[in-house]
Amino acid sequence: MRENPLVLHVLGARPNFVKAAPVVRALGELGVRQGIVHTGQHYDALMSDVFFADLGLPEPVANLGVGSGTHAKQTAALLVGLEEVVLEHAPDLVVVYGDVNSTLAAILVCAKLGVRTAHVEAGLRSFDRGMPEEVNRIVTDSLSDLLFATSPDALSHLAAEGVPAAKVHLVGNPMIDSLFAALPSLDPAPVVARLGAPERYAVATLHRPANVDSPEAAAELVSAVLEVSRQIPLIVPIHPRGRTRLAEAGLVDGPSVQVVDPLGYVDFLSLVRGAALVVTDSGGVQEETTMLGVPCLTVRPNTERPVTITHGTNRLVTPALLPAAAEKALADGASTPSGELPPLWDGAAGPRIARVISAWLRGDNLSPAAQGIRSE
Ligand code: UD1
Ligand code: UDP
């Protein structure tokens, strides 16, 4: 490894920013030279800038401005832009996060250029290849040099796919690190007051293509969500992907529904913290409600985050079952089967990842035991 090696983080979408912030902070504390490449997959101020401000992320060294498009068009633009930036900066390691198209593209570019990579949030599997994210996860994990797992189930998925155990490190969940760091600032009252919302409310976030892209799916979902709003006033910070389709299906402001722009990280989690119930199809929100102990109903047939069910407040529901499940959740409050958080969700995942990366950059022994990290 050369003197003063360089680490680049490739980020593009809202959840990437939340996962990267603790890793960037911890690498900074170890004095590692690093930079952020923003692909521009998400570009609205409320989908991007607000996260850099709320999470204290440094300015990117490059913003590729790839924007939106079909999977082929967006991925093609990402490949072209990322190849140029990786050639220009010649990083020693590229770190990618989660399962978005920016992650997939960065892994492909680096694999072809012979640049080494690390994947944060490796090994999650929904076993549903109809989800674009599942395809991205499989390809990303198969090409990564260092794999950072957030939950123990990921280890067996990676082993089953033939990923050598020596590449894999169970480090905990950096998204939960960000939540721990934000906790002292999470106050529902000012957000509730600003929105003019009542004291007791539920929050809904919905953006999965299977739920919002077709008029039929959107209609079924909206009808179920409106039934929930007859039980409890509902605040819906709407992801741009679902905005038009869900509105056409009838998800508009009403006596007990408030549809608002996407919220910044601190505002959104403040609202979640004070909510009696969350209805979602987000990956990250399943984890955050587990940590905050807020009942969560996930409108999906599967989850790549089963620890949020076994160790958390999350339940999977169909749209048809959502109203009854909401009624029960509102009556019962939060209950967690195991009574404890998933292992290593302790706010220290970022420093663990940074220690492994820094040792890897030095060429040190990377056995998990040598790092003080569990490999299974
Ligand atoms: C992407 C990820 C998804 C993740 C989500 C987080 C992929 C394949 N999907 O989905 O896994 O859960 O981000 O939020 O990478 N748009 C805007 N403004 C923006 C960004 C997007 O208006 O700043 C609109 C555009 O109409 C765009 C649509 O949202 O076509 C979808 O954006 P895109 O980045 O393609 O996918 P997401 O649905 O956001
Ligand atoms: N989030 C936010 N504002 C919102 C909705 C979500 O800050 O209006 C945060 C949420 O707390 C989590 C992240 O965005 O940290 C999750 O992003 P998203 O649901 O878009 O993606 P997913 O996790 O499904 O990939």
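How far is an oxygen atom of ligand 2 from an N or O atom in the side chain of S282? In this predicted model, the separation is 2.7 Å.

**View 1. Polar contacts of ligand 2.** S282 reaches an oxygen atom of ligand 2 through a side-chain N or O atom, at 2.7 Å. E288 places a polar side-chain atom 2.5 Å from a ligand 2 oxygen. For H207, the distance from a polar side-chain atom to an oxygen of ligand 2 is 3.4 Å. On its own, ligand 2 has 530 Å² of accessible area, and the protein covers 97% of it.

**View 2. The shell around ligand 2.** Around ligand 2 are 18 residues; L263, S282, G283, G284 and E288 come nearest. By class, 10 are nonpolar, five polar and three charged. Ligand 2 takes up the space of the largest pocket. Helix 1 (14-29), helix 12 (265-273) and helix 13 (283-292) each give two or more residues to this shell. Ligand 2 lies between domain 1 (6-172 + 344-371) and domain 2 (183-332), because both give residues to its shell.

**View 3. Polar contacts of ligand 1.** Q41 has a polar side-chain atom 2.9 Å from an oxygen atom of ligand 1. R241 also uses a polar side-chain atom, 2.8 Å from a ligand 1 oxygen. N101 contributes a polar backbone atom, 2.8 Å from an oxygen of ligand 1. The protein covers 84% of the 740 Å² of accessible area that ligand 1 has on its own.

**View 4. The shell around ligand 1.** Ligand 1 is surrounded by 19 residues, with H42, N101, E133, R208 and R241 the closest. Six are nonpolar, eight polar and five charged. Domain 1 and domain 2 both supply shell residues, so ligand 1 lies between them.

Note on methods:
Residues numbered from 1 in each chain as written. Chains lettered and ligands numbered in written order. Predicted model: local features only at pLDDT ≥ 70, side-chain atom pairs only at ≥ 80, totals over all residues. Heavy atoms only, no water. Near = heavy atom within 4 Å. Polar contact = N/O pair within 3.5 Å; in protein donor to acceptor, adjacent residues only side chain to side chain. Areas by Shrake-Rupley, 256 points an atom, 1.4 Å probe, with all protein chains shown as cover. 1 Å grid on protein atoms, 1.4 Å probe; cavity = no way out; pocket = protein on both sides within 12 Å on 5 of 7 lines; lining within 4 Å. Sits in = over half its atoms within 2 Å of the grid points. Helix = DSSP H or I, 4+ residues; strand = E, 2+ residues; numbered from the N terminus. Nonpolar A, V, L, I, M, F, W, Y, C, P; charged D, E, K, R; others polar. Domains from an automatic or database assignment.
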